[in-house]
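Biologist: Could you walk me through this structure? I would like to begin with the overall fold and then turn to the details.

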Amino acid sequence: MRNARLYVIPRTDMASMTPGRAIAQATHAATKMMFDVKHQAKHYNDEYHLELKEMLSDYLDEANGFGTTIVLKPKTEFDQETEFNQLLDMVSNDEYDYAYPLMANVIVDPEYAVTDGDHVHMVPDVVTCIYFFGDVDDVKQVLGSYELYW
């Protein structure tokens, strides 16, 4: 039986990524995951995407809309964007045997504000976190050694 979970790994290698911003980016990841599942299921009417849509429905039905979301910390201290890209490659790797669909995506903030003294700079297209959505056992194949982000 499916046990859908959302996992989010925020970047910690940016001084501007305060706890409040990390929470906002994790919220963006949750919203983006739901958008991705619904958008892809609408355009790709195959068994994989229909199963993914059912998993989202199960996730949203859990605890009156509070599907389980787990935040993990990155393994690397620097260059976490590369770490995230390597994780995306692992998801599509044939060496893993997933029982259910597994979706992952990086979150790219189109206008990330960075304060420098009295000035605020808008930096375009900043990778802020990555999400994984799927069955807990499938996701653990990729993220099993990651620790909780406290």
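Modeller: The answers below go from the whole chain to the sheet and its helices. This is a predicted model, in which local features need pLDDT of at least 70 and side-chain atom pairs count only at pLDDT 80 or more, while totals for chains, interfaces and linings use all residues. Residues are numbered from 1 along each chain as its sequence is written, and side-chain values use heavy atoms, with hydrogens and water left out.

Biologist: How many helices and strands are there in the protein chain?

Modeller: The protein chain has four helices and four strands. These are DSSP runs numbered from the N terminus, with helices (H or I) of at least four residues and strands (E) of at least two. Read from the N terminus, the order is β-α-α-β-α-β-β-α.

Biologist: In what order do the strands form the sheet?

Modeller: The open sheet has the order β2-β1-β4-β3, with mixed pairing. Two strands pair if DSSP finds at least two bridges between them. The edge strands, each pairing on one side only, are β2 (69-71) and β3 (102-116).

Biologist: And which sense does the pairing of β1 and β2 have, parallel or antiparallel?

Modeller: Strand β1 (residues 4-10) pairs with β2 in the parallel sense, over three bridges. For V8, the bridge partner in β2 is V71.

Biologist: Which helices pack on the sheet?

Modeller: Helix α1 (residues 19-43) touches β1, β3 and β4 (119-135), where contact means heavy atoms within 4.5 Å. Helix α2 (residues 47-61) also packs on the sheet, touching β1, β2, β3 and β4.

Biologist: What about β3 and β4, over how many bridges do they pair?

Modeller: They pair over 14 bridges in the antiparallel sense. D116 stands opposite H119 in β4. The hairpin of β3 and β4 has two residues between the strands, and G117 takes a positive phi near 65 degrees there.

Biologist: What share of the residues count as buried?

Modeller: Of the 150 residues, 37% count as buried, meaning under 20% relative accessible area with a 1.4 Å probe, protein chains only.

Note on methods. Axes are lines fitted to C-alpha atoms, for helices over the stretch in contact, and angles run from 0 to 180 degrees between N-to-C directions. Buried means under 20% relative accessible area, exposed over 50%, partly exposed in between (1.4 Å probe, protein chains only).
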